[in-house]
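Student: Could you take a close look at the aromatic side chains in this one, and at what sits around them? I'd like one connected walk-through.

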Amino acid sequence: MLALFVVVMFFRFMLEHYSESFYLIGLLAAAGIVWGAVEGIKWLRRQASQKDSKWVRVVQEAFTVLVTLVAATIGAVSLTGLLFLLADDDTVVYFLFFLSLIGILVPIFLEKKMNATVRYTLITMGCMIGIGASLYLEDYYWIVLLAALGLSWGITREIPAKLLTQFVFLLVLYVEAGDWGNTHDGVLAAIFVTQMAMYLLPRMPDALQNSSLIYALLSFLVLTESNRWGTAWSITVSLVYFALTTYLVYRTMHKKDRMSFGIAIGFWFAFLLMKYYDFLWSLLHKSLSLLLLSVVFFAVSYWLERSGKTEWGSEASPIFASKRLALLTIIVLQFALLGYQIWGSETILSQGRSIKLELAPVDPRSLLQGDYVQLRYTISTLDNEKIPDPDGKVRVVLRPEQNGLYEYSGYYEQDGVWNKAYQAQPDDVILNGHAIGSDRVEYGIESYFVPEGTGREVERKAKFAQVRVGKKGDALLEALSEH
């Protein structure tokens, strides 16, 4: 979270204060982050009482990865921005592409002489800049980048470096080779064949085997969604994918390879879910669909449990076997949370103030919760207003009109500040909302669930909404009506 915060704040300040000095400071900050990481890891190693502890190694590796990503992102963006500000010319892109090749190759050749954090930061910067430059440049510069990545993959002995260059290689290959002649399906097929071959190599390290299996199955899964060659071809590809993943599930279980088994079973379920939504979701009632899907999950779970005892020989007791109190606490907390939510809603329904709002519905479809009408109210737009924080909480004052409808009164409050001097009236209702722009507000009452297949009928007839508003400004949607 700290790494993500640093990166987000960097981009935020860059959009507000970009200049030569800002980018220069960014480069210095990236170098400072790397230096601090190197010293921090040295200190951690000196302080660790158990230097061979698994958790110490995990912390060190995670720390190195996060620092590398943060420093590489800030460094790559700062270097690119600084060069473009100093010389706004196409030659800058060629220079950046040349720098990216140096950033990828030199740390690989100096692998034993360079600190790991510094090395991976430079490689990651090289990959980031190389991707951007190759996408911008025409001709075949991306082939040169692929050659550099392939050479680095072949030379380095470090698994993380191989994983990084493998990912970037496949990404550039798919984007560039797919755009060249519009042959994305062919590129996906080539990726599947090569990555599956790498997975099957007997002496390949486990991490590389698993990454290759992920890329192979991911590319094949995307191919099952392609209808470019007709329905018959799409069905054939889907059947082959299902047969292959089923075989891999059995094969990895038989070999007691838990990681590969998890990858195979994950892609097996992903395929079933995707095809379920494609072909069965609109044909079956959602309750029946979810019932059948739950039966499949239970059956597969039971089969895996039985197979796990015979194949893996696991005699470990369940995680909560001796921790019934912990399990009971979790269950009680879940019911307490659910009960609190129900109590809050029932309190608003029984004690809240009932108001009538004018609306204009639209009708999308919820994949998991049934048909619903997506509502938009007249109070959803605050006319002639500009909310200071277009993504913050806001409290809107509603007042009844002569026709009994509640409308925007012209007053709203955000962060304790009113848009203008406000004098409360007896019939005023204050509604909590969330700004989604300079004059748009959502109140949490924009979705109204209806029986299966009745959404369009409700959309056609509904003109008004009956809403209950609690004392604290929270609202619940009660009903829709024509009058």
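**Rings and their neighbours**

Tutor: Let's begin with a charge over a ring: the charged end of Arg119 sits over the ring of Tyr120, 5.3 Å from its centre. Keep in mind that this is a predicted model. A second case involves a lysine: Lys420 lies over the face of Tyr411, with 5.1 Å to the ring centre.

Now for rings against rings. The count comes to 14 aromatic pairs. One of them joins Tyr241 and Phe271, a tilted pair at 4.9 Å centre to centre with 40 degrees between the planes. Tyr241 belongs to helix α10 and Phe271 to helix α11, so this pair ties together parts that are 30 residues apart in sequence. Both Tyr241 and Phe271 are buried. Then there's Trp268 with Phe269, an edge-to-face pair: 5.1 Å centre to centre, 75 degrees between the planes. Trp268 has a relative accessible area of 13%, so it counts as buried, and Phe269 is buried too, at 16%.

The loop between α10 (231-254) and α11 (258-280) holds Lys256. Lys256 isn't a glycine, yet it has a positive phi of about 60 degrees. Most residues other than glycine have a negative phi. With 52% relative accessibility, Lys256 counts as exposed because the cut-off is over 50%.

Terms used: Residues are numbered from 1 along each chain as its sequence is written. This is a predicted model: local features need pLDDT of at least 70, side-chain atom pairs count only at pLDDT 80 or more; totals for chains, interfaces and linings use all residues. Side-chain values use heavy atoms; hydrogens and water are left out. Helices (H or I, at least four residues) and strands (E, at least two) are DSSP runs, numbered from the N terminus. Buried means under 20% relative accessible area, exposed over 50%, partly exposed in between (1.4 Å probe, protein chains only). Rings of Phe, Tyr and Trp (its six-membered ring) pair if their centres lie within 6.5 Å; planes under 30 degrees apart count as stacked, over 60 as edge-to-face and the rest as tilted. A charge sits over a ring if NZ of Lys or CZ of Arg is within 6 Å of the ring centre and within 35 degrees of the ring normal.
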